[in-house]
Amino acid sequence: MALFSLPIVLALVVLAQGASFGQDQRLRYDDYSVYKVKFETQAQRSILRKLAEDRESFRLWHEAKDELHLMLSSGAFGEFETEIRKTNVTAELFIRNVQELIDSEEAANLKASRDGSFGWTKYNSLAEIYAWLDGILAAYPTITEGFIVGQSYEGRTIRGIKISYKSNNPGVLIESNIHAREWITSATATWLINEFLTSTDELVRDLAENHDWYIVPVLNVDGFVYTHEKDRMWRKTRQPSEISSCIGADPNRNYDSHWMENEGASSNPCAEDYGGPKPFSEPEIQAMSEFVISIKDKINVLLAFHSYSQLLLSPYGHTKEEFPPNFDDMMEVAKAYGDAVESLPYGTVYRYGSAAGILYPASGATIDWAYNEQGVEISYTIEFRDTGRYGFILPPVHIIPNAEEALIGIAALLEKCKDLGYLGLKSAL
Ligand code: 0X9
Ligand code: ZN
Ligand code: ZN
């Protein structure tokens with residue numbers, strides 16, 4: 001794609017300066033673009049990341065070993081271009097106008113919501129998800145059980161569902177939507193719940209009935225509601241900071257395991273990966289940790305749903321110098337997931353490795369805390385579709401294909417876990 005075609009850029013500069021609230025009080029991203037920036041050195045990386053800490057005109061979307069995806073306002077393009085030249089990195093345009101994607105997502109949601117029904121041809125609100133959950137719990141009273149993880153900062157209830165067809169099953173915990181804008185995660189989690197309860201497919205029946213499922217479809221409830229009502233691109237929690245006007249912490253940096261080590265999180269409250277003032281400062285994460293501790297003897301596998309970039313990430317997150325004792329097993333398990341996804345006709349490819357090894361150091365994440373501190377030996381972050389074409393604003397036509405990939409991937413992952421001896425009764429081990 002052609003970079004920095006200047007006449008077009010200059011025309012855009014006069015159009016917009018920073019995101020502004022629309023009539024419905026939603027933050028608009030007119031002419032915000034997303035660029036993929038390739039870097040080579042850590043010095044280049046920190047210069048680019050610094051840009052993103054000015055949250056008005058720049059936002060960090062995604063980071064990998066050698067690239068950043070940066071969203072910027074058209075007004076910030078000049079500064080961006082100067083920095084790109086100065087730091088000698090290359091940039092490629094991914095998304096020209098973020099608002100256009102948000103608008104078509106919203107149109108699809110409205111169209112599908114007209115009959116007020118919950119479904120997977122659109123993204124559902126928290127209220128819709130919870131109402132649907134109530135229906136499911138009422139319809140399957142012997143197999144399902146609702147549970148409460150706790151309360152959010154703004155006082156919302158974080159809910160979950162346990163699905164159990166028989167006793168002595170190995171346990172699988174799914175944490176979803178810890179990052180507010182990653183809507184595909186709760187869409188996928190709810191679709192899985194529905195499949196486990198209604199599918200007649202042999203593979204699904206086996207998966208559903210021979211494991212106990214603990215599923216938290218939306219962990220970051222405040223952030224999730226905020227993405228529906230105010231700012232589609234919100235990532236963090238909504239608890240104000242005592243030292244800054246920037247709101248929220250990165251909940252996936254807030255667990256008490258190697259917290260804030262090795263630049264695995266930011267101490268700047270304005271950064272997207274702010275670790276919070278102390279471990280478990282965020283009520284949602286404190287609550288989740290207590291919930292995990294309460295069932296840890298029943299949990300063989302933890303899967304944390306994220307988007308985007310099509311990756312399976314294992315511990316460690318805090319260092320790439322060391323690898324966990326069962327790293328080779330975890331790689332086999334990840335390969336099984338990736339191979340299964342590739343057996344579907346969609347052509348989706350997943351890569352895998354340790355989080356710090358193939359992405360960047362990230363400390364205080366759910367899977368690392370569960371692995372390091374709670375003995376959950378198979379702990380995975382799954383980054384769903386896509387690789388950046390739509391990023392977080394993945395059109396709803398992707399929901400079911402993505403969920404099908406997750407289903408077949410998880411089936412293969414658990415099969416491999418079983419072969420490797422990870423699905424025994426934990427309390428008996
Ligand atoms: O940075 C994150 O929290 C995750 N990526 S995302 O783009 N969804 O924000 C990756 C977390 C993986 N790292 C560890 N598990 N430590
Ligand atoms: Zn440490
Ligand atoms: Zn995430």
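1. A polar side-chain atom of glutamate 383 sits 2.6 Å from a nitrogen atom of ligand 1. That is a polar contact, meaning a pair of N or O atoms within 3.5 Å. Taken alone, ligand 1 exposes 420 Å², and the protein buries 98% of this. Such accessible areas come from the Shrake-Rupley method with a 1.4 Å probe.

2. A word on the basis. This is a predicted model, in which local features need pLDDT of at least 70 and side-chain atom pairs count only at pLDDT 80 or more, while totals for chains, interfaces and linings use all residues. Residues are numbered from 1 along each chain as its sequence is written, chains are lettered from A and ligands numbered from 1 in the order in which they are written, and side-chain values use heavy atoms, with hydrogens and water left out.

3. Two other contacts deserve a look. Glutamate 182 places a polar side-chain atom 2.9 Å from a nitrogen atom of ligand 1. Asparagine 252 has a side-chain N or O atom 2.9 Å from an oxygen atom of ligand 1.

4. Now the shell. There are 17 residues around ligand 1, and Arg235, Arg253, Tyr360, Asp368 and Glu383 come nearest. Near means a heavy atom within 4 Å. By class, the shell has six nonpolar, six polar and five charged residues. Two or more residues each come from β11 (299-307), α12 (366-374) and β14 (378-384). Helices (H or I, at least four residues) and strands (E, at least two) are DSSP runs, numbered from the N terminus.

5. Check two cis peptide bonds. One runs from proline 315 to tyrosine 316, with omega near 0°. Tyrosine 316 lies in the loop between β12 (311-314) and α10 (327-342). The bond from arginine 385 to aspartate 386 is also cis, with omega near -5°. Aspartate 386 lies in the loop between β14 and α13 (399-419).

6. Asparagine 177 is not a glycine, yet has a positive phi of about 55°. Its place is the loop between β9 (171-175) and α6 (183-198).

Methods:
A polar contact is a pair of N or O atoms within 3.5 Å; within protein, one must be able to donate a hydrogen and the other to accept it, and residues adjacent in sequence count only if both atoms are side-chain atoms. Ala, Val, Leu, Ile, Met, Phe, Trp, Tyr, Cys and Pro count as nonpolar, Asp, Glu, Lys and Arg as charged, and the others, Gly among them, as polar.
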